[in-house]
Amino acid sequence: MSEQQLAQEYANAIFVPFIPEHEDFGLISYEAMIAGKAVLSCTDSGGATELIRHMENGLIIEPDCDEIAKAIKQLCENPSLSYQLGQQAHNAVKDINWPTLAKELLNVNVPYQPKILVLNTYPIYPVISGGQARLYHLYSELSMLGYSVEILNLDFNTRIIKSRNLNENFIEVLIPVGNEFRKKLSAEEKRLNISCVDWLAAAHPELLPEWQTEIKRRAPWASVVICSHPYAYPAMIQAGVKQWLYEAHNVEADLKAQIYQQHPNEAQKIKELEFQCAMGALHIICCSNEDSQRMQALYQIPDHQFSVIANGADTQNIKYLDQAGRKEIRMQMGLESTNNISLFMGSNHGPNLEAVEKILIAAAQDISLQYIILGSVADAFKQRKIPNNVRFLGVVSQAEKQLWLQITSIGLNPMLNGSGSNLKLIEYAAAGLPIISTEFGVRGRGLRLGCII
């Protein structure tokens with residue numbers, strides 16, 4: 001039909017269904033929205049999902065015939081909803097046009113922003129764990145230095161692809177995990193008795209088609225692709241990525257060898273995965289010199305292939321207090337001025353579990369001392385009998401964590417295993433807490449040996 005006829009059909013429509021599979025952009029969705037029509041699309045439709053916001057300017061549903069039928073019926077039977085969504089749709093895309101594009105292309109005052117694409121297996125905001133803290137703060141700072149950063153993360157709490165701006169130039173794209181992956185994960189975690197989302201994502205990338213599609217679509221526009229952890233490596237390769245940097249948060253072979261002690265076959269496969277990701281990378285980024293040296297020896301990779309970017313923490317939001325200041329705050333809160341409270345913080349992670357076991361032994365030996373344990377490490381001890389002088393508080397808000405950093409007396413870090421480095425040490429030190437740690441626990445932190453107990 002002619003352009004005039006097409007425009008008239010858009011004008012007459014109640015809404016426009018557009019349900020392709022993995023479309024790159026899809027002019028139909030744009031044309032419908034600019035005509036003021038709600039678009040009905042699916043979670044696997046590709047580019048259309050970047051324009052459509054579910055129940056804000058259209059509908060995005062599961063690619064299932066029954067679900068599509070329900071959505072069609074909903075919009076047909078509720079024309080006021082269709083009209084409202086259509087008006088919002090027009091407002092969402094009215095500035096997408098050729099003159100605007102040409103103006104931007106010719107604007108010499110707009111600086112070029114190299115794009116960094118980061119691949120990861122979990123959401124990074126809100127920041128709770130050490131891995132989240134590294135990813136959020138490192139790439140947030142890079143985005144403020146003039147880089148455009150996109151990080152593609154798997155997310156169990158969304159059914160559609162979502163993008164959220166963590167700051168002006170830093171976008172987190174949340175990729176939904178489908179039912180087939182969930183079923184496989186449930187079976188594997190029951191078999192292994194280990195949380196294994198990361199390993200399953202590497203072992204079965206075919207169960208994460210939307211992750212692969214988004215990598216394939218976004219990677220060609222990136223100046224550099226960063227594989228954060230090795231677990232995105234298979235999906236990345238299948239998506240056609242030829243060059244990448246490997247950001248090693250740990251020496252995964254060593255870390256998983258401890259966690260998968262009862263399953264050596266899986267541990268060996270993870271080692272092979274890390275080897276392939278590291279060997280094929282243009283460069284490897286480690287969190288500590290110890291990790292760099294270990295990986296060089298383990299995989300026979302030359303030193304010049306490595307750089308160390310140490311872990312960091314947001315110390316600007318941590319209030320420093322000396323012992324007199326801590327005493328004053330404890331008195332203000334009605335606590336004993338000499339109250340001896342020790343603090344440990346950690347996620348539900350093998351080395352942290354070992355550290356907590358040591359704390360529980362110490363707590364049972366002297367019940368006059370109090371112990372506060374923050375973080376998801378608490379999940380592993382829900383069925384355990386805990387000494388009365390130990391309190392597991394689980395995951396807390398940033399505000400509550402800062403309060404505990406102010407009123408406790410000692411920061412504990414009795415780590416015996418693991419890889420990477422311990423971010424909790426930076427937070428303890430920034431808060432002015434004296435630290436009790438093993439020598440292993442302070443690797444890569446530059447703390448003097450004479451200060452270690």
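How far is the sulfur of C277 from the closest cysteine sulfur, and in which residue does that sulfur lie? The distance is 3.9 Å, and the partner is C227. That is too far for a bond, because a disulfide needs the two sulfur atoms within 2.5 Å. The model is predicted.

**Cysteines**

- The structure holds zero disulfides.
- C227 is in no disulfide, and its nearest cysteine sulfur belongs to C277.
- C227 is buried, with a relative accessible area of 0%.
- C277 also counts as buried, at 0% relative accessibility.

**Helices α2 and α5**

- Two packed helices are described by the angle between their axes and the distance between the axes.
- Helix α2 spans residues 27-34, and helix α5 spans residues 79-93.
- Their axes come within 7 Å.
- The axes cross at roughly 110°, so α2 is roughly perpendicular to α5.
- The range that counts as roughly perpendicular is 65 to 115 degrees.
- On the α2 side, the contact is made by Y30, M33 and I34.
- On the α5 side, G86, A89, H90, A92 and V93 take part.
- By class, this contact has six nonpolar residues, two polar residues and no charged residues.

**Glycine G240**

- G240 is found in the loop between α11 (233-238) and β9 (245-248).
- G240 is partly exposed, with a relative accessible area of 38%.
- G240 and G86 are 154 residues apart along the chain.
- The C-alpha atoms of G240 and G86 are separated by 37 Å.
- G86 is one of the α5 residues in the contact with α2.

**Backbone features**

- Most residues other than glycine have a negative phi, and most peptide bonds are trans.
- A cis peptide bond joins Y125 and P126, with omega at about 0°.
- P126 has its place in the loop between β4 (115-119) and α7 (130-144).
- M55 is not a glycine, yet it has a positive phi of about 60°.
- M55 is found in the loop between α3 (48-51) and β3 (58-61).
- M55 counts as partly exposed, at 40% relative accessibility.
- Q300 is not a glycine either, and its phi is positive at about 55°.
- The place of Q300 is the loop between α14 (289-299) and β11 (306-308).
- Q300 counts as exposed, at 65% relative accessibility.

Technical notes: Residues are numbered from 1 along each chain as its sequence is written. This is a predicted model: local features need pLDDT of at least 70, side-chain atom pairs count only at pLDDT 80 or more; totals for chains, interfaces and linings use all residues. Side-chain values use heavy atoms; hydrogens and water are left out. Axes are lines fitted to C-alpha atoms, for helices over the stretch in contact, and angles run from 0 to 180 degrees between N-to-C directions. Helices (H or I, at least four residues) and strands (E, at least two) are DSSP runs, numbered from the N terminus. Angles under 35 degrees count as roughly parallel, over 145 as roughly antiparallel, 65 to 115 as roughly perpendicular and the rest as oblique. Contact means heavy atoms within 4.5 Å. Ala, Val, Leu, Ile, Met, Phe, Trp, Tyr, Cys and Pro count as nonpolar, Asp, Glu, Lys and Arg as charged, and the others, Gly among them, as polar. Buried means under 20% relative accessible area, exposed over 50%, partly exposed in between (1.4 Å probe, protein chains only).
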